[in-house]
Each structure stands twice: as structure tokens, then as C-alpha cells.
Amino acid sequence: MKKPKIKSIPYEEFNDNETFESLVQKLNENGVNIVVKSLDDLFDWGRSNSLWPLTFATSCCGIEFMAVCAARYDIARFGFEVTRNSPRHADVILVSGTIVKKMAPVLKRLYDQMADPKYVIAIGGCSISGGPFRKSYHVVMGVDEIIPVDVYVPGCPPRPEAFLYGMMQLQRIVKVENFFGTTNRKERDPFKKEYEERSEKILASQEEA
Amino acid sequence: MVLDYQIIAPADLHQEMLRLRAEKGMDFLVNLTGMDWGEEGFGVVYQLESTQTGEQINIKAICADRENPTLPTVSDIWDIANIYEREVYDFLGIIFTGHPDMRRIYLREDWVGYPLRKDDKPEEQNPLRMDAVPLSDETVCYEMGEDGKLVKRKNVIFEQDDYVVNMGPQHPSTHGVLHFRVALEGERIKKVDPVLGYIHRGIEKMNESMTYPQTLALTDRMDYLGAMQNRHALCKVIEEAMGVEVSDRVKVIRTIMDELQRIDSHILFFSCLCQDLGATTAFLYGFRDREKVLDIFEETCGGRLILNYNTIGGVQADLHPNFVRRVKEFIPVMRKGLKEYNDIFTGNVIARNRMEGVGILTKDQVIAMGCTGGTGRASGWHNDLRKLRPYDAYDRVDFKEITFEKGDSFARYMVRLLEIEESLKIIEQLIDNIPEGSYQEKMKPIIKVPEGTYYSAVEGSRGQFGVFLESRGDKFPYRIHYRSTGLPLVYAMDTVCRGNLIADLVTIGGTLDYVVPDIDR
Ligand code: SF4
């Protein structure tokens, strides 16, 4: 298996490599020939080093995101500094902050407006599971109820270092994708189907209610 | 402090309020809290204050009819009641007769039920809806008819041929998820209609099923740039209700921490405003200095943003041994930073042109709309609680209350920059003589607050942050209501933006300095 390299950090130092490896396996099920694979590598190298995030922040975690963008933590070292205000230009959405029921349709629409290939990082307890507001009547218990999530970054708020670590994990995922085989052809994406099934389930439960 | 109140029958309420306004000069409606008293019915607690004499009067109005609760509006007497009453309608379903705009404000228009009613089950009736949020251009107004029946009347928010632009909820310059519907006449703003609730987390309802120490955790997450002060206010109201006196050391620590928080918040204000106006360098300068404050916080509290430091009867942990040294190192750095801010941005011609004379609020307006904090002071209203009713260590330090007369965006900007300097002065006076003593009073394992109604406020980073607490003697609060500092500011947007250019909406919103999760709670 290919072991992607991110900066000078050795592969073993990343946590939870098992999940990552199972993901790689799933992505590579179809297999590709060597010429395409080399092209893939080139593309993925470029894509992983210029992931443009959407400026999206609903609450406290968003302030930490601003700190990550500023001088001390300097997200530009990884090529993420081009924050976009329009979802049409963005590659990745960092859901930083609580998502409440009124906001959920807006978030879904933002996600749908982004061009493929697109990624989601759930930042902070709130967007992972509802966090400190788990008992609330108006909070969505995790954004993965509405959109598919690639990387979870726990914390309340996560430290800026955790943000960067989460984004590096995303870089690793991008690096092992088969751009021409699957990422670029959504009908072959193994995860797309899961997501669609889940969306349908939510819609169905709504109609019942 | 314990709230003493008079009870006034709903039928006489409007008359009596008019009289208080005229005879007693009660021109500032501090807080308006909707209540569900169970058997007794629904009601509202009004807290009035005179800006001339400082006298305070509290009024309670009860409507016993649980089926169709109604009360007369006071929105014609105090402008800010307009939005407060909509909030009460949204959460408790009390209809205010004569109010021009009885619409929900936080929850979706198709929301079922009123969540703050004790017998409401909001989760069961409201599953996650994924269709777009409905927004109507019409609203209703209820009048009390001759025969005691409610008469419904339509009111128009936007005319059929108004040109309406949506700004938000996903917009980089609204400082969170705020949604403005703006009607335009060419490039000029005709009307602004704020739609709130995109980050309404139901904190007040959650508090009702939490023990007192648990409720503390959520205050930090409301106005995260005033985390210290918010929690301070809640601790203060509980301590006062229980008759706990904290040690001198705690008082001084809390004062220093509040001021550090204020500096943190004002730097962020500066950074974001500059960013919104296109000055990215200034943004980076601001964040460079802010990190130093966060370092100080981190050593003592363990957190950077969510600090969880104040507790009932003291603070979580004693000061870190490095604290005094770090703070002393920080003060000259901050002074140098301030000079840089002024060089790079305050004197800038573009910045001046965009701020001077734009978005003017008069003193009468800020009082009527309850805009406390820097926004009020920029219009010449002396509203600083640290001066008016000094708490903790504020009575033993010497500092100036910064006020301006002009009330434009530039004045609001300057107030904040100058306040950083005043905060530094306060810290300087206290840092060398932090008294010895315990940092935490001994409290019972289960904290119960005696029965009663209490209110306590501190000067937050952006105005008066108050906590209204009603206790029935249990270990859970019966009702907690937070006086949001940002809600009046957002309400002021309509008044202050009218006639200005749409591009200035960003500047004006930036200088008013609101934080959205604090508005939505
Ligand atoms: S996880 Fe914590 S810090 Fe982040 S948005 Fe939620 S409450 Fe705020």
C-alpha cells in the first residue's frame, strides 16, 4: 500500500492508521493501470497542497479557526490559506461551530453548491455530536446527520494544532485517492451511495412526521 | 441583588408604564423577561431604570389565562421592547396587543409550540426539517377589540415591489450566522429586517434542568469573547442570592481577568473590522497581540477561548506562578501594539472616510434601544457599570470612562481602542498587590439558592451583561434569563443603517460589535 507523506511527519506518527488503511482499500477496490495511477499521483499532490476552505463559522470554534489563519499558526504553510467566501470556489468545508435546526438546511445547501470533489471536516464537539448542547431541543446532534464527514476534530474548541492535524489527515486522504478512477467520477464513488441512502432516509422520516 | 417588584394588572399596565416614563424619568428598559409561573399563568418582568437618577423600578405583570395569554405592548414607550416582546412571543406564546410585528424571531415560522413553556415538548413536535426556512413578507398585529376578543390585522414588512437583498446567514462579514433582509432604494438602505436564530441553542431551556454548577459551563459559549465576564455575572447572581461573600483575592483576580478579556475582545473587534474593510495586515497585527493574552489565560485556566474559570464562591484554580510576570511583560507590548494600530489604520484616509459621519446614533436613540457598552458610550451615554455601580475591585482603581458625543462609526471604533488603554491601567494598578487569601470559598456539595427573584449584571466586553434568576429553592434554577448585550445592537441596525449605503452596512455592523451566539442564546 502506498503510504502518503505529509511534510516531514513519519507515517507511523499519525493516529488511527487502521481506519485510514481500510479507507484506502475501499477506495482502491476498482484498481487502475499504471499510467493513470502516475497521473493520479501528480494530480493528488497538487490538490492536497491547495485545499481551499470555505469561510464558514457559526460560533466559538470559528474564532479558533481565525486564530489558525493568523500569524502564529499560519495555515498557509499547508496551502490552505485561500479561504473562499463562495462555496462554488471551495474544496473543503470546515464546519466549525454548533449547527442548529434552523441552520441545517442552509448548511446542506452550501454543501450541495460546492463543486466535486469536496470534503467536510467536522470541528469541535458540537458538530461531531451536539457537544455540550446534546440535551437541547434546537441543536443538530452531529453534522453527519446531514452531510458526509471526512475528518472529525474533537475538542471544545479544538486547539489550533488539532485543526492542523485534522487538515493533514485530510491531505492524506486526498493523496491516496484515484483522481481519474473514482474521485472524478462520482458514480463510482463507494461513499456517495451511502450518503444518498442516508439523505433519503432523513427525507422519508420527515414525510412520516 | 434581590429584585423587589410591584405587581400591576394587565389592564392598567400601559397607563402605569406611561406614567413611570413621564413622571419618574424611567427611560431605559434594562431587561424584559418572559415567565411561565405554572398555575399562576404567564407573565413578564420589566426592569426599568432612569438614566438621570439611577433609580430602578421592577414591574411584574401576570396574565392568568393559560389558553390565550395576552398583555398590552410597551413597544411604543421603549423602542427596544419591540424585539424583547417578539422574543417572549416566540418562546412563551404571549401575545402583545398593539405590537406592530408579532412574528417569531428565533425559531422557524413553522415551528410548533413554545419551548419555554414548562409543559411544552419541543423535540417531539419538531423533527429536523430540511426544507428552506420560510420567510414571509407580511406580519400580523393583534388589537384588543371592544368585546375583549383579539382582532387580527395584517402588517406589511416588505412591499410587493421593494428590492430586497439577503445578507447572510452565510456571509463573512456578519460575524457569525446572522441574516439581514435589506430593502434597497438604489444603493441606499430603506429598511433592515434581522432574522435571528441560526445559532439558537436553547441555553435558557437547558439551564432549567441543570444544577447550578452545571449551568456555568454554557455561559462561556454564549459570548465567547466575554467568557470571563459572562460567567462572572452568573456566579455573582448566585453568590448574592446565597449570601456568599468571596475573598478579596478572588475579587481582584476576577477584576484582572475581566479586563484581560476585555482587551482580548477589543483586539478581536479591531482585527475583524479591519479585515472587513480590507486591511488584512491590521488583522494579522491584532491576532499577533491577542495570542499573548490567550497565553496568559491558558496558563492559569487551561483554555484559550472557553475558559471555565469562575466558579460559585471563587475561581477554579489559583493563579499560575508565571501570571504576574507574564501580565507585566504584556502591558508594554500591548501599548506598542496600540501605537501600531493607530499608525496603520486609525489615521488611514480610506478608513476615516468609511467611518467618519457614517451610521450615526444619537444619545436618545441609544437609550431608547438599550444599546449599552461601547456603542452607547460613543453616543455620549454614561452607562459603564464599573463606574455606576462598582463591583469587585473596581471601586479601588482609577480609570476613565471613555465617551464621545458624535455617535458615528469612528467614535465607536475609537471608544474600543481607548478602552484597551484604560483596561491596561486598571491591570497595572492591581497586578502588584493581589491580596493573599483563599481562591475558593468552601461550598456545600449541593448548591441550593433560596427562593426569590434575583438580577445581577457586570460590564461585559460589549455592554451590560445581566443574569435574571428565579429560584424556587431547588438545586435547579426555575428560570434563568440572560440580558444579551448584542440583541439591542442588532435591533439598532434598522435605525442606524437607514439612508446609508449598502456597503456601509458592513462597517456599521462591525463597529456595533455584536457576537451572534450571545444574541441567540
Ligand atoms: S465545540 Fe465548544 S467551542 Fe466549538 S462551537 Fe461547540 S461549544 Fe463552541
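Which element gives the largest share of the lining of the second largest cavity? That share, 3 residues, comes from α5(A), helices being DSSP runs (H or I) of at least four residues and strands runs (E) of at least two, numbered from the N terminus. The model is a predicted one, in which local features need pLDDT of at least 70 and side-chain atom pairs pLDDT 80 or more, while totals for chains, interfaces and linings use all residues. Residues are numbered from 1 along each chain as its sequence is written, chains are lettered from A and ligands numbered from 1 in the order written, and side-chain values use heavy atoms, without hydrogens and water.

A cavity here is a set of points on a 1 Å grid over the protein atoms alone where a 1.4 Å probe fits but cannot get out, with lining residues having an atom within 4 Å of a point. Volumes are the space filled by probe spheres set on the points, which are joined across faces, edges and corners. The second largest cavity holds about 80 Å³ of space. Among its 15 lining residues, Cys60(A), Cys61(A), Cys126(A), Cys156(A) and Pro157(A) are the closest to its centre.

Cys126(A) is buried, at a relative accessible area of 11% (buried means under 20%, exposed over 50%, partly exposed in between, with a 1.4 Å probe and protein chains only). The structure holds 0 disulfides over all chains, a disulfide being a pair of cysteine sulfur atoms within 2.5 Å. For Cys301(B), the nearest cysteine sulfur is that of Cys235(B), 13 Å away. Cys301(B) is buried too, with a relative accessible area of 19%.

Methods. On a 1 Å grid over the protein atoms alone, a cavity is a set of points where a 1.4 Å probe fits but cannot get out, and a pocket is an open set with protein on both sides within 12 Å along at least five of seven lines; lining residues have an atom within 4 Å of a point.
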